[in-house]
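Visitor: I would like to learn how to read helix packing, cavities and chain shape. Please take one feature at a time.

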Amino acid sequence: MNEIQKQVVIVGGGPAGLAAAVALYDLGIKDLLIVEREKNLGGILRQCIHDGFGLTRFNESLSGPEYAKRFIDEVKNRNIPVITETTVLEITKDHVVRAASRHGLHTWRADAIVLSMGCRERTRGALQIPGERPAGVYTAGVAQSYINLYNTMVGKAVVILGSGDIGLIMARRLTLEGAKVLGVFEILPYPSGLERNVEQCLNDFGIPLYLSHTVTKIHGGHRIQGVTVSRVDYNRKPIPGSDTYYPCDTLVLSVGLIPENELSKMAGVELDIRTSGPVVDASYQTSTPGIFAAGNVLHVHDLVDYVSLEAERLAKGVMDYLVHSYVDDSNVKVIAGKGITYVLPQHIGKKHAPLLSMRVKCPGENVQIVVQQGEEVLVSVEFDEALPAEMIQIPLELDKIQNNNPLEVFVR
Amino acid sequence: MERYDVLVIGGGVVGSAIARELSRYQLKIGVLEKNPDVCLEMSGRNSAVLHGGFAYEVGTNKAALCVEGCLEFDDVASQLDFPFKRTGKVLVGNTKEEMESLKDTLRIGEINGAVGLEIIDEKRLKELVPTVEGTFALFSPMSGILDPFQYTIGLAENAVKNGVRYHLKREVIGIQRLDEGLYQLETSKETFLTKWVINAAGLGAVKISEMLGISGYKMGATRGHYIVLDKTVGPLLPMPVYPVPSTLYMGIHVTPTVEGNVTVGPDADRVTSLEDYGVEQRNMDYLVEDASTLWPNIHRKDFIRNYAGIQPTWLDREGPLKDFIIEAREDVPNTVNLIGIESPGLTAALPVARRAVKLLVDREKPEINPNFDPARKRMKPFAEATPEEQAALIKENADYGEIICRCESVTKAEVLNAIHNPLGVETMIGMKYRTRSMMGRCQGGYCQMRIAQLLQEEKGLEVTQVLYAREESELFTGRVR
Amino acid sequence: MMKRMTCILCPNGCKLKVEVSDKEILSLVGAKCPKGQKFAHQEINNPHRNIATSVLVNGGELPLVSVRLTAPIPKNRIFDMMEEIKKTQCDAPVKSGQILIKNALDLGVDVVCTKEVEQEAR
């Protein structure tokens with residue numbers, strides 16, 4: 001098959017891919033190609049029509065499409081090559097990217113590859129919610145897509161499972177479009193999404209939030225007729241006898257995002273079970289040399305502003321790889337310790353100062369996060385409040401690292 | 001009022017096999033199917049296994065027709081162009097009692113005509129299925145796995161190609177015998193006239209039998225539940241693995257699907273409803289716990305979905321039915337009544353159909369249909385093509401280059417082809433069964449919007465008319481603007 | 001009395017504890033910047049919100065264009081504004097930033113497109 005040589009192929013034209021492309025171009029790498037499966041660039045931002053994007057990057061509260069446009073314009077102004085309506089089918093260890101479009105099969109051989117495919121949603125099937133499998137059960141992103149992109153209304157009386165940001169946003173969206181949201185049920189004892197979303201999306205509309213609850217059965221064989229909701233104990237197990245039945249015609253699930261790494265696996269990229277994303281070094285290079293990852297495909301973000309920054313940092317890593325064949329070989333491991341769900345990069349080299357990105361396991365006030373190597377505390381940061389819903393980023397200077405022993409990041 | 005020579009009640013694998021067999025003759029044939037598609041009941045809710053024929057009592061129709069169906073299946077799958085793999089199957093045991101039981105099973109199987117059965121030791125077992133836990137097994141090399149949706153749909157589409165008319169969403173609610181020797185079938189919509197009635201209604205067979213005036217049959221139901229696992233574990237299970245059947249408790253099987261997933265199940269619960277396909281938490285817990293002793297590769301992170309099937313338990317005046325009943329009663333002329341068609345119904349569908357049709361043909365003596373064509377060709381799935389083939393497919397039809405379902409690599413060409421299917425099925429699940437879209441790990445998260453859009457555009461459906469699977473399963477309530 | 005609120009002006013989402021008497025702020029704790037005071041005042045007296053929703057597009061590649069308001073409006077007018085927006089349609093092409101309704105409901109805010117929608121290919 002005809003292979004076309006490229007310096008860098010970027011898989012996915014969402015916020016991570018777009019920012020990486022612009023940064024790479026400005027660093028002097030012009031032989032780029034953004035491969036996007038949709039007709040338009042922008043990725044998931046195309047359907048996130050609410051505002052709150054760009055607060056730190058642009059000091060403005062933009063909608064998703066407007067944030068995306070900032071980067072799309074930059075890509076257009078630089079004439080960065082883009083191919084749309086093209087779906088990547090395969091990425092190999094030796095940098096061959098195979099894709100399909102209406103024009104045929106495309107095969108590129110790239111010096112470096114940027115993985116920016118984003119993530120998918122956890123489904124009802126994965127959760128195994130008991131009951132029948134009727135129409136009317138939607139993951140929040142799918143409901144959002146129907147309403148905002150396909151002009152299709154999904155239901156009238158809605159129960160939402162999961163208080164992550166997408167679920168909260170959809171509670172408001174559905175209410176604005178005339179549906180009745182009966183309640184948001186969250187299995188944890190605290191909301192999964194940002195507090196300001198609880199305020200603007202639930203409290204504003206009098207939508208009740210039930211913490212420590214989950215849906216334990218779906219009723220209705222044809223279209224959903226209702227759900228059974230139960231209270232859960234601190235082990236997240238339903239408490240017998242605490243069942244309540246809520247008649248509804250729609251169940252929206254906002255129960256987790258999973259980085260979409262099927263293509264990464266094909267390329268031999270090692271994944272971290274904690275993030276479901278690739279194991280990377282400080283410049284976001286994966287275990288397959290020359291393949292880099294940023295954005296939701298690497299770990300699920302809550303602020304797109306951080307995605308753009310991450311992709312821009314990645315660009316420097318790609319530069320170093322292309323120009324100096326740089327691959328992290330010193331392998332100082334970074335370990336998520338007590339109170340930390342995950343931290344990346346998972347290993348650090350001698351060249352790139354890492355920006356440690358992490359999430360805490362539980363909400364807390366006056367939280368101290370420590371980065372320690374052996375007995376030596378390298379960095380310690382205090383947070384008035386630390387929430388699992390808000391990614392924490394701590395820069396680490398390379399000269400702080402004493403030796404090749406692993407670093408541990410933990411909550412004291 | 002539509003007038004037929006034969007009406008088959010039930011468009012499942014047996015009803016469609018019968019309709020197709022009938023179309024070898026010059027007869028006006030119709031199929032009345034209750035649901036909006038042909039594989040929504042037993043035919044689409046099973047283990048998808050081709051059985052070797054050793055599990056049935058000697059001398060029964062079940063045994064004979066199962067073996068007949070099993071042996072000819074390569075030709076059937078090739079003729080109707082649906083996925084089938086003759087993987088073999090093992091029944092795994094550990095105790096002395098289980099060994100004795102397997103020896104009996106082997107003996108019975110051999111009498112029934114099952115081919116190639118042998119008792120194998122642990123070494124051989126581990127060669128066949130390295131991931132299984134067990135000391136010895138009965139190996140049935142002729143067993144296999146198939147796509148039950150494509151099989152049923154293939155039969156139906158070939159029947160249509162040969163002149164059979166399908167009437168979907170037509171539940172038979174009353175049957176009257178008219179003076180002219182015709183039957184009048186009243187459905188939820190129109191009324192039909194026919195000379196012959198064939199009852200292949202599966203879960204509805206007893207009800208239809210009563211309507212025909214053949215009474216004495218009773219039906220109970222058991223519901224079996226399955227968990228579907230991600231394709232990543234598929235390579236760990238090269239063939240179905242069953243525990244040795246016990247009379248004391250329900251041993252749970254693990255079965256690879258022909259597409260590379262794994263199903264865990266079924267168990268069996270007595271139920272009263274023939275419509276409730278719910279899966280309870282305790283069922284899922286039991287499936288995992290029990291099957292894990294046999295095959296310890298069942299992990300929550302690999303769960304994609306679950307489903308349930310309802311199988312009837314049949315009784316006649318003497319007690320539980322031991323065998324398939326395929327009868328043409330003289331006191332209820334021009335009927336063929338099929339009762340008790342349950343597992344191995346999938347394996348035995350064609351042999352059952354031939355028996356049923358023979359009862360009609362012997363009496364009616366119709367002319368042969370010289371135009372009968374037994375072959376049905378599926379559209380080539382993009383996912384099964386080599387890169388060279390894929391490039392050629394796209395060149396010929398640009399719609400092959402538009403990926404709609406990215407988890408299963410299903411293209412717009414295939415989705416459009418499925419939408420314009422010969423049966424006129426217009427449901428989302430109908431598209432799922434015909435293309436594999438929405439069956440992957442994202443469960444339609446990426447593709448369902450696109451498929452719903454195409455359905456509306458291609459079939460001129462209003463947004464509120466898009467059905468999920470069964471009647472009254474509307475997906476949408478209207479437009480936003 | 002004591003009111004708790006979350007400031008929504010920036011991602012900090014400061015948790016404010018406000019001592020209120022007769023709609024007058026007696027004390028405020030928890031704001032990381034001076035905007036918090038202003039926010040608390042407005043939240044108590046006349047809370048404002050922005051809305052993001054969709055407008056029907058005629059002849060476009062997409063059936064809807066996403067829109068928002070150029071500034072937040074009183075919370076109690078949200079559904080009035082939704083009704084106003086639902087009555088509106090526009091024709092493709094539309095550009096991001098294009099004003100669809102000027103001074104909507106006389107509240108001093110415009111309804112503006114946040115996305116581009118090209119004309120549908122013939």
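This is a predicted model: local features need pLDDT of at least 70, side-chain atom pairs count only at pLDDT 80 or more; totals for chains, interfaces and linings use all residues.

Visitor: At what angle do helix 3 and helix 6 of chain B pack, and how far apart are their axes?

Guide: The angle is about 65 degrees. The axes lie 10 Å apart. Helix 3 of chain B covers residues 73-80, and helix 6 of chain B covers residues 148-161.

Visitor: Which residues of helix 3 and helix 6 of chain B meet?

Guide: From helix 3 of chain B come Phe73(B), Val76(B) and Leu80(B). From helix 6 of chain B come Tyr151(B), Gly154(B), Leu155(B) and Asn158(B). By class, that contact has five nonpolar residues, two polar and no charged.

Visitor: Now chain A. How do helix 1 and helix 2 of chain A pack?

Guide: Read angle and axis distance together. Helix 1 (residues 15-26) and helix 2 (residues 64-77) of chain A pack at about 35 degrees, with axes 9 Å apart. Their crossing is left-handed. Helix 1 of chain A brings Leu18(A), Ala19(A) and Val22(A) to the contact. Helix 2 of chain A brings Ala68(A), Phe71(A), Ile72(A), Glu74(A) and Val75(A).

Visitor: How do the residues of this contact of helix 1 with helix 2 of chain A divide by class?

Guide: Seven are nonpolar, none is polar and one is charged.

Visitor: On to cavities. How many are there of 30 Å³ or more?

Guide: A cavity is space where a 1.4 Å probe fits but cannot get out. The count here is two cavities of 30 Å³ or more.

Visitor: Which residues are closest to the centre of the largest cavity?

Guide: They are Val137(A), Arg305(B), Gln443(B), Gln448(B) and Tyr468(B), out of 26 lining residues. The lining has 12 nonpolar, 10 polar and four charged residues.

Visitor: Which elements each supply at least two residues of that lining of the largest cavity?

Guide: In chain A, helix 3 (124-127) and strand 10 (137-139) do. In chain B, strand 18 (303-316) and helix 12 (428-435) do.

Visitor: What lines the second largest cavity?

Guide: Chain A gives Ile49(A), His50(A), Gln144(A), Asn148(A), Ile169(A), Arg172(A) and Arg173(A), and chain C gives Ala52(C). Helix 4 (140-149) and helix 5 (165-176) of chain A each give two or more residues. Helix 5 of chain A has the largest share, three residues. By class, the lining has three nonpolar, three polar and two charged residues.

Visitor: Last, chain shape. Why is chain A described as being as compact as a globular protein of its length?

Guide: Start with its make-up: chain A has eight helices and 30 strands. Its radius of gyration is 22 Å, close to the 22 Å that the globule rule gives for 412 residues, so chain A is as compact as a globular protein of that length. Its C-alpha atoms fill a box of roughly 65 × 60 × 40 Å along the principal axes.

Visitor: And how many helices and strands does chain B have?

Guide: Chain B has 13 helices and 24 strands. Its radius of gyration is 22 Å, close to the 23 Å of the globule rule for 481 residues, so chain B is as compact as a globular protein of that length. The box of its C-alpha atoms is roughly 65 × 60 × 45 Å along the principal axes.

Notes:
Residues are numbered from 1 along each chain as its sequence is written. Chains are lettered from A and ligands numbered from 1 in the order in which they are written. Side-chain values use heavy atoms; hydrogens and water are left out. Axes are lines fitted to C-alpha atoms, for helices over the stretch in contact, and angles run from 0 to 180 degrees between N-to-C directions. Helices (H or I, at least four residues) and strands (E, at least two) are DSSP runs, numbered from the N terminus. Contact means heavy atoms within 4.5 Å. Ala, Val, Leu, Ile, Met, Phe, Trp, Tyr, Cys and Pro count as nonpolar, Asp, Glu, Lys and Arg as charged, and the others, Gly among them, as polar. On a 1 Å grid over the protein atoms alone, a cavity is a set of points where a 1.4 Å probe fits but cannot get out, and a pocket is an open set with protein on both sides within 12 Å along at least five of seven lines; lining residues have an atom within 4 Å of a point. Grid points are joined across faces, edges and corners, and a volume is the space filled by probe spheres set on the points. The radius of gyration is taken over C-alpha atoms; the globule rule is 2.2 Å times the number of residues to the power 0.38. A crossing is left-handed if the near helix is turned anticlockwise from the far one by less than a right angle, and right-handed if clockwise.
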